[in-house]
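Here is a short briefing to read alongside the model. Take a look at the structure first, and then we can walk through it topic by topic.

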Amino acid sequence: MKHLFLGFLLFVVACSPAEQPANQASSDLARWEATAARVTITRDKWGVPHIKGKTDADAVFGMLYAQAEDDFNRIERNYINAMGRLAEDLGEDEIYRDLRMKLFIQPSEMKKKYDESPEWLQKLMVAFADGLNYYLHTHPEVKPKVITHFEPWMALTFSEGSIGGDIERGVSMARLAEFYGDDMANVPYEADPMTQEPGGSNGFAIAPERTKNGNAMLLVNPHTSFYFRHEAHIMSDEGLNAYGASTWGQFFVYQGFNERLGWMHTSTYVDVIDEYAETIIEKDDGMYYQYGDEQRKMETRVIDLPYKADDGSMKQKQVTAYFTHRGPVVRSEDGKWISVRLMEEPIKALIQSYGRTKAQNYNEFYEAMKGLTNSSNNTVYADADGTIAYFHGNFVPRRDTSFDFTQPVDGSNPATDWQGLHPLEEHIHIKDPANGWIQNTNNWPYSAAGEYSPKKEDYPAYFSGTTENYRGIHAIEVLKDKTDFDIDSLIAAAYDSHLTGFDVLLPPLFAAYDALGDDDARKAQLAEPIAALKAWDNRSGVDSVPTSVAIYWGTDLMMASRSKARAAGMGLYDYMESGASADERLASLEAAVAKLTEDFGTWQTPWGEINRFQRISPDIRQKFDDNAPSLPVGFASGRWGSLAAYGQSYGQGETKRIYGTRGNSFVAVVEFGEKLKAKAVTAGGLSNDPSSPHYYDQAAVYASGNLRDVYFYEEDYKANAEETYSPGKRGQ
């Protein structure tokens with residue numbers, strides 16, 4: 001273990017900006033108020049803000065102001081996380097998470113990049129900061145935890161859809177702490193990637209020939225943690241007119257649509273993060289690494305890590321971090337230091353994220369995609385001209401395929417360097433396939449359009465790092481034979497209850513049971529649950545007992561199979577399908593029956609009694625209570641093939657019931673035509689204020705899957721308006 005902490009330093013952190021000169025503060029306030037006067041926010045009966053500004057910058061100002069009204073806490077959390085400042089709020093346990101972010105994101109660099117940004121983008125970033133600062137000015141009762149004043153450059157620290165998604169995915173905190181730290185006790189828990197609740201999303205695009213009205217259609221269905229994104233409608237006199245889900249604190253619609261087209265991002269598994277095993281040479285003047293015939297000196301950077309101590313005072317640690325020309329050193333392995341390389345293009349990423357929202361046709365959207373900076377996503381697309389399309393990934397470094405980039409490669413060999421990026425024309429891409437539909441569920445692209453899908457052998461291996469999944473099989477099932485989709489039938493497809501995973505997981509269990517001798521005690525003990533499972537149609541529902549048995553059985557088998565799957569060099573679900581022994585399968589059924597009986601009094605407990613939706617806490621990490629009100633939910637975790645994914649990523653063991661924390665966080669179904677039609681739902685409600693009528697008003701809509709109408713046109717949202725105001729004037 002390499003200890004590189006320079007020790008503890010007592011440190012007082014200024015949690016507020018330096019006092020501004022009075023004339024500067026007066027100038028800022030005058031600018032905020034002038035902008036606010038050019039913005040109107042109309043809240044419809046669901047609380048969704050329809051924000052209109054004269055310019056795009058005005059609309060951005062109103063968008064951030066409205067977001068802050070609904071959940072300032074999550075906005076601030078996203079930015080203190082993105083900038084590596086969580087420990088200033090949550091304490092020393094978060095210093096390694098902060099270090100991970102600060103290896104890639106430094107305020108001084110972001111400020112330089114802001115200065116290098118085009119003028120039009122700077123205006124949007126100023127409006128972003130102004131909207132949040134004006135909210136704080138008009139709401140003095142709101143007390144930020146860390147950021148009391150937002151600056152325009154901060155938008156560049158959080159320029160794509162996920163919170164530092166590549167950084168979090170590419171760098172293990174535990175290994176980072178092992179390399180740079182002196183105390184492993186402060187490493188936050190990291191879920192086992194084998195068994196953690198699946199993330200990702202679903203996207204469907206339907207061509208006109210497959211729809212009842214002859215219009216292209218789109219399913220927008222991100223599977224994030226609940227309350228992770230904000231639903232809004234953003235408009236300006238400069239042509240902005242976008243509706244959908246935005247991650248808190250961002251000034252673009254991340255997944256959604258305008259009147260002419262729509263886009264849905266699903267998590268990609270294109271290999272965009274690479275590790276390099278560096279040969280290190282220690283010299284009197286510092287550390288060097290071998291690169292071809294030369295020895296290059298490592299760049300070092302002292303990183304400050306302030307944190308809140310248990311007594312509330314601020315302290316600080318410092319780390320000297322090491323960098324090669326590829327990126328930071330993040331761990332060691334077999335005597336080598338491991339550096340990592342990933343995409344670091346915040347200006348381009350922000351331009352692309354915002355630019356696609358204003359595209360009016362396929363060609364303009366394609367041009368936006370040429371930015372090549374949507375590194376963590378695939379994109380499913382549909383438009384009013386009838387075009388449907390699929391982009392698999394967007395940022396793909398060109399590499400020498402003689403190396404295995406799924407493992408650390410030899411950093412001393414210059415041939416392992418990236419060789420530029422693949423242009424968009426070389427990416428896996430589908431446009432208007434003859435089958436008339438496209439699907440992606442974070443699965444591989446080779447089934448995205450049925451028989452008209454791309455062929456795996458036509459692309460380097462690093463273009464796709466995953467295989468088919470149960471949701472992908474399910475998506476094909478609901479799309480392949482239907483030719484008359486409308487809004488309601490596409491919603492029905494998106495909520496279809498078939499749990500396709502059990503089509504392949506249960507038969508080996510049945511075979512194991514049938515092979516038992518009559519003198520085996522398990523034959524009689526498990527007869528009733530086996531009979532219930534054999535009679536089941538593998539569809540989930542609130543009244544279904546077999547759903548409960550199957551999911552408890554599958555979960556126990558999954559947890560029991562982790563180490564054995566790794567030892568066998570198999571994927572977890574491959575092992576569960578074909579590697580697990582008969583005794584392992586039967587033991588998990590015994591455990592499932594016992595667990596259900598212990599927790600609920602009988603194993604014959606309907607799924608809706610167990611699987612619930614509850615929102616009783618405004619905390620980012622929800623609290624749950626079996627004695628508090630909740631609603632039954634009939635769908636299930638995406639790991640079993642549920643398209644309407646509903647899973648629990650924390651809180652297991654704290655309650656007997658299962659309370660969802662991630663999955664269908666936002667759902668929209670859109671029909672493009674002469675006039676756009678759409679329905680949507682946001683988990684729970686739009687506001688995170690328990691006293692708001694919009695804290696829980698969508699809960700029943702969400703749990704039932706009966707989506708509400710989207711009010712896209714002015715005459716519609718005004719006819720269903722709850723209130724209209726300018727920022728700073730609500731209730732006046």
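The second largest pocket is lined by 41 residues, and Phe104, Leu342, Met343, Glu344 and Glu345 are the ones nearest its centre. A pocket here is an open set of points on a 1 Å grid over the protein atoms alone, where a 1.4 Å probe fits, with protein on both sides within 12 Å along at least five of seven lines; lining residues have an atom within 4 Å of a point. The model is predicted, so local features need pLDDT of at least 70 and side-chain atom pairs count only at pLDDT 80 or more, while totals for chains, interfaces and linings use all residues. Residues are numbered from 1 along each chain as its sequence is written, and side-chain values use heavy atoms, with hydrogens and water left out.

**The pocket**

- The second largest pocket has a volume of about 840 Å³, a volume being the space filled by probe spheres set on grid points that are joined across faces, edges and corners.
- Its lining divides into 17 nonpolar, 13 polar and 11 charged residues; Ala, Val, Leu, Ile, Met, Phe, Trp, Tyr, Cys and Pro count as nonpolar, Asp, Glu, Lys and Arg as charged, and the others, Gly among them, as polar.
- At least two lining residues come from each of helix H5 (107-116), helix H7 (165-170), strand E14 (299-308) and helix H9 (346-355). Helices (H or I, at least four residues) and strands (E, at least two) are DSSP runs, numbered from the N terminus.

**Helix H9 and its cover**

- H9 is mostly covered, with seven of its 10 residues buried. Buried means under 20% relative accessible area, exposed over 50%, and partly exposed in between (1.4 Å probe, protein chains only).
- The buried residues of H9 are Pro346, Ile347, Ala349, Leu350, Gln352, Ser353 and Tyr354.
- Their cover includes H2, H5, helix H6 (119-138) and helix H10 (362-369).

- An open sheet of 10 strands runs in the order E21-E19-E18-E9-E8-E7-E6-E3-E2-E31, with mixed pairing; two strands pair if DSSP finds at least two bridges between them.
- Strand E21 (429-431) and strand E31 (721-725) are its edge strands, each pairing on one side only.
- From one strand to the next, the twist averages 15°.
- Strand E7 (residues 241-247) and strand E8 (residues 255-258) run antiparallel and are joined by four bridges. Tyr243 has Phe257 in E8 as its bridge partner.
- H2 lies across strand E2 (39-44), strand E3 (49-53), strand E6 (229-236), E7 and E31, at about 55° to E2. Axes are lines fitted to C-alpha atoms, for helices over the stretch in contact, and angles run from 0 to 180 degrees between N-to-C directions.
- Arg74 sits in helix H2 (residues 56-82) and counts as buried because its relative accessibility is 6%.
- Beyond its neighbours within four places in sequence, Arg74 is in contact (heavy atoms within 4.5 Å) with Phe226, Tyr227, Trp248, Pro618, Asp619, Ile620, Gln622 and Asn688.

**The sheet of four strands**

- Another open sheet has four strands in the order E16-E17-E10-E20, with mixed pairing.
- Its edge strands are strand E16 (329-333) and strand E20 (409-410), each pairing on one side only.
- Five bridges link the antiparallel strands E10 (residues 274-278) and E17 (residues 336-341), and Ala277 is opposite Ile338 in E17.
- Helix H8 (residues 173-180) lies across E16 and E17, running at about 85° to E16.
- Asp334 is in the loop between E16 and E17. Asp334 has a positive phi of about 50° although it is not a glycine, and at 75% relative accessibility it counts as exposed.

- Strand E4 (residues 201-206) pairs with E22 in the antiparallel sense over four bridges, and Ala205 stands opposite Ile438.
- Trp437 and Gln439 point one way from E22, Ile438 and Asn440 point the other way, and all are buried. In a regular strand, side chains alternate between the two faces of the sheet.
- Asp432, in the loop between E21 and E22, has a positive phi of about 50° without being a glycine. With a relative accessible area of 38%, Asp432 is partly exposed.
- Tyr459 lies in the loop between strand E22 (437-440) and helix H11 (470-479), and its 22% relative accessibility makes it partly exposed.
- Leaving aside neighbours within four places in sequence, Tyr459 is in contact with Glu426, His427, Ile428, Tyr446 and Pro454.
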